[in-house]
Amino acid sequence: MEEKNNKLYQWKKGLSSTGMYSVTIIALAIVLGFGLYQYKQRLNYRQYLQNRFQESFYEATTYVDNMENLFTKVRLTKTPDQSAPLFAQLWREASSAQENLSELPYDHNTISKALKFLSQASDFSFSMTNKAIEGFELDREDWDKVAQLQKYAKILSDELNKIKQEINDGNRIDWEEIERGGEESLAKGNAKMITGSFSEISKQFEDIPTLIYDGPFSDHIERMQPRMTRNKKKISKEEGKKIVEEFIGKDKIKTIKQTGETDTKVEHTIPVYSYQVVLKDQEDPTISIDITQQGGHVLWMLNYTEKESSKDNISLEEARKKAEKFLEDRDYPNMKASYYEKVDGTVVINFAPYKDNVIMYPDLIKLKVSMDDGEIIGFEALGYIMMHHDRKLPEIKISQQEAREKITKDFRVTNVNMAVIPLESKREVLCYEFKGEFDSQPFLIYINAESGKQEKILQILQSKNAVLTK
Amino acid sequence: MRTKKIILVIVTFIMVLNLSYAFWIYNVTAKAVNTISYTWGSEGDVVRQIQQKLKQWGYYNGNVDGKYGYQTWEAVKSFQSKNGLKADGIAGKQTLEKIGIQVKDSSQKQRGDNVSSSKDVRLMAAAIHGEGRGEPYEGQVAIGAVILNRVRHSSFPNTIAGVIYQPGAFDAVADGQINLEPGDSALKAARDALNGWDPTGGAIYYWNPATAKSKWIWSVPITKRIGKHVFGKK
C-alpha cells in the first residue's frame, strides 16, 4: 500500500516537474466532456421515446373512457337514426384506442386480449352503424352485445385510469423497463408497483364471451370450416404423395419427400401434409406443396426455381390459356380468369368458377405462370377450399334496370354480369356487377340482387402489365 | 523522466486520436434511414461507379476497386462542396444524382407503368430480408404470410406498417436490420405473400427454437416448421 502511494506520489511529482500536468488534465477534461455529451444525447433520446409512449398511453386512456361513455349513451337510444351517429363515434374511438395501445411496448401476451376487445368493439360498432343507417332496428341480441361491450369497456377504462392515477401520484412508468423485462420485472424492482396493470386487464378479459356479428374481426371468421374438406375422408401420407405426383406430373419428378404434417393440437387450421419435390433436372428440391389431409386437395404449391431469362417468351394471352388448361386438366372446370399482375417474368392470374352465368368470386384460385415458358410455378387455392360448394342462389328480386337506377347517372356502364361476392365478414351476396367508367377511370359497382343495396365499389387499376382492383 | 514524458505524450496522442475518431464515426455514419446512401464501408458496383466518375473529373486518385474507403470519402466530400451539397462524404440520393448515377431503387421499379396490388411490397420485403435472409425461400414467404395474418387478426395492429413496427414484435426492427436493402429473393417472397400464398397454415407467431427467450411462446401450438423457424397460432 505504502509503496503504491509512493509510486503515485512520484508519478504526480514527475508530472508537475515535466509540466505535463495541465496537458493530462485537459485531455481528461475533453474525454469527460465528450462522454457527458454522449450521455446527454442518450438521455434526450430516451426522454423522447418515453414521451411518445406516455402520449400513446394517455390517448388510449381517453379513447377508452369515451367508449365506455358512448356505449352507455347508445343503450339509451331507441330508433336507428338515434343510434347511428353514436355507433359511428364508437367505431372511431375504439379504433383509435386500439392503435394507440398497440404502440406501447408491452409483450404481446400481456396486451393481446385488450387489443382484440378494442378491434372487435370498433368493428362491431361499424357493422351496427351500417345496420342503423339501413334503417333496421337493433334486435335483442344486438343490445345484449352492446351491454357486454360496455361492461368490458368499463373494466378496461377503470384499470387504465388506475395506472394513470399512479402516474399522477408521481410513479412514472418506465416504458424502457417494461419493454426489456415485461411487467413483472417492473413490479419487482419498484416497491410501489403499478396497481392497475395490464396483466390484471388480461386476467379480467380471460372469460370475455365470443362476439359474432357481420364484420371481419367477428369470432366466426376464425372458426369457419373449410367447405371442401369438411366431412371428407382422411388420406394417408402415401395417398398424398400420389396426389402430388398427379398434380405436378410424374414424368417431371425425380423424388418426393414428405417433410411435415400439421400438429393435431392446432385449432382452426386446415390440416395438411407437406411435401418437397425434386425435379428431374435438379439436385435440390425446388417445389413445396401442401395437400389437405381431409379430401386430399392441393392447398398451395410454389415452385421457386430461379429462372435465368427475364425475357418474356410468351404473351399474357398464352399464359392465361396455359393456366386455364392446367386447371381443366386437374378437375377445376369452368374457371374464369379475372385479374392479373405481371412482375419480373411471372404473372399471377386470379380464377373464379363461372356457373349458370354467375361468377363465384369467393372460390378464388390463383395461378402463377412463368412468362419464360408458360410453366405453372404457383398454385393457391385457400379461397376455393374454404368456400367452394354447390350454392343455392337466392331469388333475384331486383331487375337489372332497377339495379342500374341505384347507381349515379355519371357512371357509364359498359358491361353487366351476375356475381356472388364475399363481404369482409365472408358473408356472400348475389349481386349485379356493373362494369363502367367514371371520370374516364374504370370501376366495378356491385348492387345486391335481392335488396338493391350497393355492396361494393372497386376501382380497376389497369396497365399493360396488370389489371387489378382496389 | 524522459521515458515517462514520452509515454505521456503518446497516451495523450492516443486519447485525442480516439476522440477525433469518435467524432468522425459519428459524422460519417448515415443517420437518416436511407437505403440508397453509400459511405465508409460500402462496397459494390455503385461505389465503383462513383469512383470511376470522380476519377474522370479529377476528384479521386485511388483505385477503382468498389470499396468506399478514406480516399473515396475525401473525393466525395470535395465533389459535394464544389457542387453546393452538404459536404458530409456520404453519397446519398442527391449526390448520386449530381454525379449522374441511376440507382436502381426497387420502390421506384414499381412506379410508372406498373400498377401493383399493394404499395407495401417494399416494406414487407425489408422486414422479410431483415428477419429471414438465409432462410429457405418458402420460409421467407412464410414470414410475409405471418405479417399479413397479423394484419387480419384482431389482437394486432390493422396495417402492415403497424404490425412490422409494433414495439418488440420483430428483432430485425429492433436492431435496425430492417433498413438493409432487401435482396431479390425477399422482394419475390413479399409479392408471393401479398398475392395470398401462405405456407404457414394461418400462423401468427414464429420463433427460432434455438434462440427463443420467451417460455410462453412454447405454449403456442405449432402449425409448421420451415428452415430454422417454427410457426404457430393460438
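Domain bounds in this description come from an automatic or database domain assignment. The structure is a predicted model, in which local features need pLDDT of at least 70 and side-chain atom pairs count only at pLDDT 80 or more, while totals for chains, interfaces and linings use all residues. Residues are numbered from 1 along each chain as its sequence is written, and chains are lettered from A and ligands numbered from 1 in the order in which they are written.

**Figure 1. Overall form of chain A.**
Chain A is divided into domain 1 (42-204), domain 2 (237-387) and domain 3 (400-469). Chain A holds 11 helices and 14 strands; helices (H or I, at least four residues) and strands (E, at least two) are DSSP runs, numbered from the N terminus. The radius of gyration of chain A, taken over C-alpha atoms, is 32 Å, well over the 23 Å that the globule rule gives for 470 residues, so chain A is more spread out than a compact globule. The globule rule is 2.2 Å times the number of residues to the power 0.38. Along its principal axes, the C-alpha trace of chain A spans about 100 × 70 × 50 Å. Of the 470 residues in chain A, 34% are buried. A residue is buried if 20 or more other C-beta atoms lie within 10 Å of its own, exposed if 12 or fewer, and partly exposed in between, with C-beta atoms placed from the backbone.

**Figure 2. The contact between domain 2 and domain 3 of chain A.**
The centres of domain 2 of chain A and domain 3 of chain A, taken over C-alpha atoms, are separated by 29 Å. Their contact takes 10 residues from domain 2 and 12 residues from domain 3; two residues are in contact if their C-beta atoms, placed from the backbone, lie within 7 Å. On the side of domain 2 that touches domain 3, the elements that give two or more residues are strand S5 (335-343) and strand S7 (358-360) of chain A. S5(A) gives the most to this side, with four residues. By class, this side of domain 2 has seven nonpolar, one polar and two charged residues. Ala, Val, Leu, Ile, Met, Phe, Trp, Tyr, Cys and Pro count as nonpolar, Asp, Glu, Lys and Arg as charged, and the others, Gly among them, as polar.

**Figure 3. Strand S5 of chain A and its partners.**
S5(A) pairs with strand S6 (residues 346-355) of chain A in the antiparallel sense, over seven bridges; two strands pair if DSSP finds at least two bridges between them. In S6(A), A:Ala352 is the bridge partner of A:Lys336. The two strands S5(A) and S6(A) form a hairpin with two residues between them, and A:Asp344 in the turn has a positive phi of about 45°. S5(A) is also joined by two bridges to strand S14 (residues 466-469) of chain A, and this pair runs antiparallel. Here the bridge partner of A:Tyr340 is A:Val467 in S14(A).

**Figure 4. The surroundings of A:Lys426.**
A:Lys426 lies in the loop between strand S10 (412-422) and strand S11 (428-438) of chain A. A:Lys426 counts as partly exposed because it has 16 C-beta neighbours inside 10 Å. Not counting residues up to four places away in sequence, A:Lys426 touches A:Ile221 and A:Met224. A:Lys426 and A:Ile221 are 205 residues apart in sequence but 7.4 Å apart in space, C-alpha to C-alpha.

**Figure 5. The open sheet of chain B.**
Three strands of chain B form an open sheet in the order S1-S3-S2, with antiparallel pairing. Strand S1 (205-207) and strand S2 (222-226) of chain B stand at the edges, each with a single partner strand, so one side of each is left without a neighbour in the sheet. Three bridges join S1(B) to strand S3 (residues 229-232) of chain B, and B:Tyr205 has B:Gly232 in S3(B) as its bridge partner. S2(B) is joined to S3(B) by four bridges, with B:Arg225 opposite B:Val230. S2(B) and S3(B) form a hairpin with two residues between them, and B:Gly227 in the turn has a positive phi of about 60°. Four of the five residues of S2(B) are buried, so this strand is largely enclosed by the rest of the structure.

**Figure 6. The contact between chain B and chain A.**
This contact takes 41 residues from chain B and 48 residues from chain A. On the side of chain B that touches chain A, the elements that give two or more residues are helix H1 (2-28), helix H7 (137-151), helix H10 (184-194) and S2 of chain B. H1(B) gives the most to this side, with eight residues. The residues of this side of chain B divide into 17 nonpolar, 14 polar and 10 charged.
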